[in-house]
Amino acid sequence: MAVPLAALVDRTARLLRRKSAPRLTNWLVSFTGRDRSYDITAARRELGYSPDLTLERGLVEMGFS
């Protein structure tokens, strides 16, 4: 439902030549509609990066425990 609505809002904003982007856009729908995961292996190997928090501790601090 969000995809066609975003397309309509996006097109309307372009047709009306709005200076600011609408609150609902095609990009926003596509960005929020995907799962994301990030691999820090290269940062560990090449930069010696080590996170300050464990995944478990970070989830607790974010309220996902």
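Here is a quick briefing on the fold, the charges and a few individual residues of this chain.

This is a predicted model, where local features need pLDDT of at least 70, side-chain atom pairs count only at pLDDT 80 or more, and totals for chains, interfaces and linings use all residues. Residues are numbered from 1 along each chain as its sequence is written, and side-chain values use heavy atoms, with hydrogens and water left out. The protein chain has 4 helices and 0 strands, and its radius of gyration of 19 Å makes it more spread out than a compact globule.

**Overall shape and surface**

- Reading from the N terminus, the elements go α-α-α-α; helices (H or I, at least four residues) and strands (E, at least two) are DSSP runs, numbered from the N terminus.
- The 19 Å radius of gyration is well over the 11 Å that the globule rule gives for 65 residues; the radius is taken over C-alpha atoms, and the rule is 2.2 Å times the number of residues to the power 0.38.
- Along the principal axes, the C-alpha atoms fill a box of roughly 50 × 30 × 20 Å.
- Buried residues are 11% of the 65 in the protein chain; buried means under 20% relative accessible area, exposed over 50%, and partly exposed in between (1.4 Å probe, protein chains only).

**Charges and salt bridges**

- The protein chain carries 11 positive and 7 negative side chains, and the centres of the two sets are 18 Å apart.
- For that tally, Lys and Arg are positive and Asp and Glu negative, while His and the chain ends are not counted; each charge is placed at NZ of Lys, CZ of Arg, CG of Asp or CD of Glu.
- Side chains of opposite charge can pair when their charged atoms come close.
- There are 3 salt bridges, each being a side-chain nitrogen of Lys or Arg within 4 Å of a carboxyl oxygen of Asp or Glu.
- Asp10 pairs with Arg14, with the closest N and O atoms 3.8 Å apart; both sit in helix H1, 4 residues apart, about one turn of the helix.
- Within that pair, Asp10 is buried at 10% relative accessible area, whereas Arg14 is exposed at 60%.
- Arg45 and Glu46 form a salt bridge at 3.3 Å, N to O, and both residues are exposed.
- Arg57 and Glu61 make a salt bridge at 3.5 Å, N to O; they are about one helical turn apart because they lie 4 residues apart in helix H4 (residues 55-61).
- Arg57 is partly exposed at 44% relative accessibility, while Glu61 counts as exposed at 51%.

**The loop between H1 and H2**

- Thr25 lies in the loop between helix H1 (2-15) and helix H2 (26-32), and it is buried, with a relative accessible area of 13%.
- Neighbours within four places in sequence aside, Thr25 is in contact (heavy atoms within 4.5 Å) with Ala6 and Asp10.
- Arg17 has a positive phi of about 55°, although it is not a glycine.
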